[in-house]
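Thanks for asking me to look this one over.

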Number of protein chains: 2
Amino acid sequence: MCAFDGVHVVGIDGDDTLWHNEERYENAQQRLAEIVARHAEVPDLDDRLLAVERRNLGLFGYGVKGFTLSMIETAVEVTGGEISGPEVQELIELGRRMLEMPVLLLDGAEEAVDRLARAGLRLVLLTKGDLFDQETRVARAGIAHRFWQVEVVSEKDEATYRRVLGRLDVDPREFLMVGNSLRSDVLPALAIGAAAVWVPYPLLWSHEQAERPAAGDRFREIASLRELPDLLL
Amino acid sequence: MCAFDGVHVVGIDGDDTLWHNEERYENAQQRLAEIVARHAEVPDLDDRLLAVERRNLGLFGYGVKGFTLSMIETAVEVTGGEISGPEVQELIELGRRMLEMPVLLLDGAEEAVDRLARAGLRLVLLTKGDLFDQETRVARAGIAHRFWQVEVVSEKDEATYRRVLGRLDVDPREFLMVGNSLRSDVLPALAIGAAAVWVPYPLLWSHEQAERPAAGDRFREIASLRELPDLLL
């Protein structure tokens, strides 16, 4: 029995669905904490950073460059301006290292993508963040040839899914979105009448937290991308 | 007589072709110079900044966020680390203001786009930079409805033009690219067999400088977008 009858096009998220991502952010935050600790004791540093990131989201959008600027801004703020020039430079280096990091695919991701593509499903890599960073990561991941389309978007909401599917001439009822974020991958896809599969990842940026939808014909949760082909083939 | 017979699709660049852009960068650089001058005399500041920007281009790509990070890095470097936390915050504010700035269309841009769209030409807004910033600017410019497609790309080279035209199923011989940058708008379009119109803008980022191609059937220079419809209609 096939759980998602009629699905011909599968959207797959990049960050923390196909490849590890949040880890690079958490590592950078630990280094930020060490630098800040030279000047001030800031027990709620993570919350302060999140507040700055949220304030900047409407101008910077998602991605490493905006995150780096938010780290610098937070460091200036919580140290009362005491952070030094060379320490700011350390933060920029952190951002640079995040961008240079090799792309590490999640367990089973490559095999799942291969099986789906070989079975004739049309795969769309649908990811948000900095255009240039994400294009670089897609290329480094070495799986771009398995995808029919690669779409880097600035936000993943209902309007975005409608726009992307409209451009590709795909009916939402033929579309399944797979990803680790309920807020960005699952809920908006279900809302426009597409199907969705949630693959939780151990780390989740607080901004992405959302309520799990009720189980139903159009929604499944799996523990790993490994399980995806059996839902569809 | 129609100079560009067979052209059905017109790509138009955004920055400094449809709307003013380089100005916001030059204004920010003046403010950077004032901040740096508190610590050090740096007669070649613009060159130093350009060198940092070029070094970062392969990681940051184009756009305001990368530029802001490069300004901060340059400031740390040329002041020997003396730039203070609050001054770094001033530089981030500069970046923020660049992103918030209203979008000012160039003289004649709106009328040209209206005439071409009403005449049935398919218009593609083709611009590079930060995805989120550019989408915001397209929306603020108030002319998005005149365009068949809006494409934000991370680089404008031959491969990009081939990819975009392939995706839109447009033959290069039916395509004309219009823009202020020889390097990004004119030369790669001509190289793939498309036509190109150059509309120079008084300010040009040094990175975009290139040799003017020989005049020919597939290349024209105009002084303002105002002249574009008469070349095509």
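Predicted model: local features only at pLDDT ≥ 70, side-chain atom pairs only at ≥ 80, totals over all residues.

1. **Who supplies the lining.** From chain A, α6 (131–141), β3 (149–153) and α7 (158–168) each give at least two residues to the lining of the largest pocket. By residue type, the lining divides into 19 nonpolar, 6 polar and 10 charged.

2. **Strand β2 of chain B.** Please have a look at residues 122–128 of chain B, which form strand β2. Here 6 of the 7 residues are buried, so the strand is largely enclosed by the rest of the structure. Strand β1 (residues 9–12) of chain B runs parallel to β2(B), joined to it by 4 bridges, and B:Gly11 stands opposite B:Val124. Strand β3 (residues 149–153) of chain B is also parallel to β2(B), with 5 bridges between them; there B:Leu126 stands opposite B:Glu151. To get from β2(B) to β3(B), the chain passes through helix α6 (residues 131–141) of chain B, a right-handed β-α-β crossover.

3. **Strand β4 of chain B.** In strand β4 (residues 175–179) of chain B, 5 of the 5 residues are buried, so this strand too is largely enclosed by the rest of the structure. You can follow both faces by eye: B:Phe175, B:Met177 and B:Gly179 point one way, while B:Leu176 and B:Val178 point the other way.

4. **Neighbours of β4(B).** β1(B) and β4(B) run parallel and are joined by 4 bridges, with B:Val10 partnered by B:Leu176. Strand β5 (residues 195–198) of chain B also pairs with β4(B) in the parallel sense, again over 4 bridges. In that pairing, B:Leu176 has B:Ala195 as its bridge partner. Helix α8 (residues 182–191) of chain B sits between β4(B) and β5(B) in a right-handed β-α-β unit.

5. **Helix α5 of chain A.** Which residues of this helix are buried? In α5(A) (residues 109–118), they include A:Ala109, A:Ala112, A:Val113, A:Asp114 and A:Leu116. An α-helix has 3.6 residues a turn, so residues three or four places apart point the same way. The cover over the buried residues of α5(A) includes β1 (9–12), β2 (122–128) and α9 (228–232) of chain A. After the helix comes A:Gly120, with a positive phi near 95°.

6. Most residues other than glycine have a negative phi. A:Asp169, however, has a positive phi of about 60°, and B:Asp16 has one near 65°. A:Asp169 is in the loop between α7 and β4 (175–179) of chain A, whereas B:Asp16 lies in the loop between β1 and α1 (22–37) of chain B. Are they buried or exposed? A:Asp169 has 71% relative accessibility and so counts as exposed, since the cut-off for exposed is over 50%. B:Asp16, at 5%, counts as buried, because buried means under 20%.

Key: Residues numbered from 1 in each chain as written. Chains lettered and ligands numbered in written order. Heavy atoms only, no water. Buried < 20%, exposed > 50% of the residue type's maximum accessible area, 1.4 Å probe, protein only. Pairing = 2+ DSSP bridges. Right-handed = clockwise from strand over helix to strand, strands pointing away. Nonpolar A, V, L, I, M, F, W, Y, C, P; charged D, E, K, R; others polar. Contact = heavy atoms within 4.5 Å.
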